[in-house]
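Dear colleague,

Please find the structure below for your records. A short account of the findings follows it.

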Amino acid sequence: MPKTEADLLAKAKVYLKKTYGEDTVAMTVTKNAVQAGSGPLAVDCTVSVGGHHSDWSKVFHFQNGAIVDMDYRRR
């Protein structure tokens with residue numbers, strides 16, 4: 001179970017790499033409503049795929065300490 005915001009961000013970065021092959025260049029929390037391992041974590045981030053960078057706003061949805069869904073839009 002993630003205990004700190006840093007733990008949540010680490011899970012988010014692993015999720016992006018495993019699910020989309022994205023390397024995280026930068027990630028800034030815009031809203032953290034995760035309580036007891038469940039809830040949304042909103043970030044603005046820059047990711048890299050194949051050397052191409054892009055900027056996104058993403059919301060990771062946590063349930064019992066795991067990411068179960070993600071919303072995203074290009075910035």
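Please note that the model is a predicted one. The residue belongs to the loop that links strand S1 (23-32) to S2. Its backbone deserves a look: Ala 36 is not a glycine, yet its phi is positive, at about 55°. For context, most residues other than glycine have a negative phi.

Asn 64 is a further case, as it is not a glycine and has a positive phi of about 50°. Asn 64 is located in the loop between S3 and S4. With a relative accessible area of 60%, Asn 64 is exposed.

**Strand pairing and hairpins**

Strand S2 (residues 39-49) runs antiparallel to strand S3 (residues 52-63), and eleven bridges join the two. Within this pairing, Thr 46 has Asp 55 of S3 as its bridge partner. Two residues separate S2 from S3 in their hairpin, and Gly 50 in the turn shows a positive phi of about 60°.

S3 also pairs with strand S4 (residues 66-74), again in the antiparallel sense, over eight bridges. Here Ser 57 is found opposite Arg 73 in S4. The hairpin of S3 and S4 likewise has two residues between its strands, and this is the hairpin in which Asn 64 takes its positive phi near 50°.

**The nonpolar core**

Which residues of the largest nonpolar core touch the most other members? The core has 16 residues, and those with the most contacts to other members are Leu 16, Met 27, Leu 41, Val 43, Phe 60 and Phe 62. Two or more residues come from each of helix H1 (5-20), S2, S3 and S4. H1 is the largest contributor, with five residues. As a general point, nonpolar side chains tend to be buried together in soluble globular proteins.

With kind regards

How values were computed:
Residues are numbered from 1 along each chain as its sequence is written. This is a predicted model: local features need pLDDT of at least 70, side-chain atom pairs count only at pLDDT 80 or more; totals for chains, interfaces and linings use all residues. Side-chain values use heavy atoms; hydrogens and water are left out. Two strands pair if DSSP finds at least two bridges between them. Helices (H or I, at least four residues) and strands (E, at least two) are DSSP runs, numbered from the N terminus. Buried means under 20% relative accessible area, exposed over 50%, partly exposed in between (1.4 Å probe, protein chains only). A nonpolar core is a set of buried Ala, Val, Leu, Ile, Met, Phe, Trp, Tyr and Cys residues joined through side-chain atoms within 4.5 Å.
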